[in-house]
Amino acid sequence: MIFSDYHFILYFLPACLGLYFLARRYAPARIATLALFLSSLVFYGWFKPVYVLLILGSILVNFYLAKYLSISSHAFRRKAVFFTGIAFNLLLLVFFKYA
């Protein structure tokens with residue numbers, strides 16, 4: 001599914017927005033955020049569901065790199081982890097875009 005596809009515009013987007021605003025009104029903000037997160041995974045996996053594992057792996061790696069950045073006090077290590085995260089994401093993008 002792509003953004004200009006009529007399935008996205010007529011069905012997926014209104015359903016996601018409706019789910020989000022209902023969750024925002026009747027549930028805690030975390031539930032609304034979770035609804036958006038799960039909707040994003042559905043959108044991402046619509047073309048090939050196996051790619052959901054790829055994005056979840058990327059999310060986990062980036063989460064732990066950011067967590068390490070927030071607790072580290074050594075400047076050189078922070079820069080190394082930061083550039084490692086950038087390199088990881090760029091390599092992932094290049095590999096799956098051009099391989």
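Ala, Val, Leu, Ile, Met, Phe, Trp, Tyr, Cys and Pro are counted here as nonpolar, Asp, Glu, Lys and Arg as charged, and the others, Gly among them, as polar. On this basis the lining of the largest pocket in the predicted model divides into ten nonpolar residues, two polar residues and one charged residue.

The volume of the largest pocket is about 330 Å³. Its lining comprises 13 residues, of which Tyr44, Tyr51, Leu54, Ile55 and Phe96 are the closest to the pocket centre. At least two lining residues come from each of helix H2 (29–45), helix H3 (51–71) and helix H4 (75–98). The greatest contribution is that of H4, which supplies five residues to the lining.

Two further positions, one in H1 and one in H2, were examined. Phenylalanine 8 is located in helix H1, which spans residues 6–26. The relative accessibility of phenylalanine 8 is 10%, and the residue is therefore classed as buried, the cut-off for that class being under 20%. A distance of 8.8 Å separates the C-alpha atom of phenylalanine 8 from that of phenylalanine 43, although the two residues lie 35 residues apart along the chain.

Serine 39 belongs to helix H2. Serine 39 also counts as buried, because its relative accessibility is 10%. When residues up to four places away in sequence are excluded, serine 39 is in contact with Phe12, Cys16 and Leu19.

Terms used
Residues numbered from 1 in each chain as written. Predicted model: local features only at pLDDT ≥ 70, side-chain atom pairs only at ≥ 80, totals over all residues. Heavy atoms only, no water. 1 Å grid on protein atoms, 1.4 Å probe; cavity = no way out; pocket = protein on both sides within 12 Å on 5 of 7 lines; lining within 4 Å. Points joined across faces, edges and corners; volume = space filled by probe spheres on them. Helix = DSSP H or I, 4+ residues; strand = E, 2+ residues; numbered from the N terminus. Buried < 20%, exposed > 50% of the residue type's maximum accessible area, 1.4 Å probe, protein only. Contact = heavy atoms within 4.5 Å.
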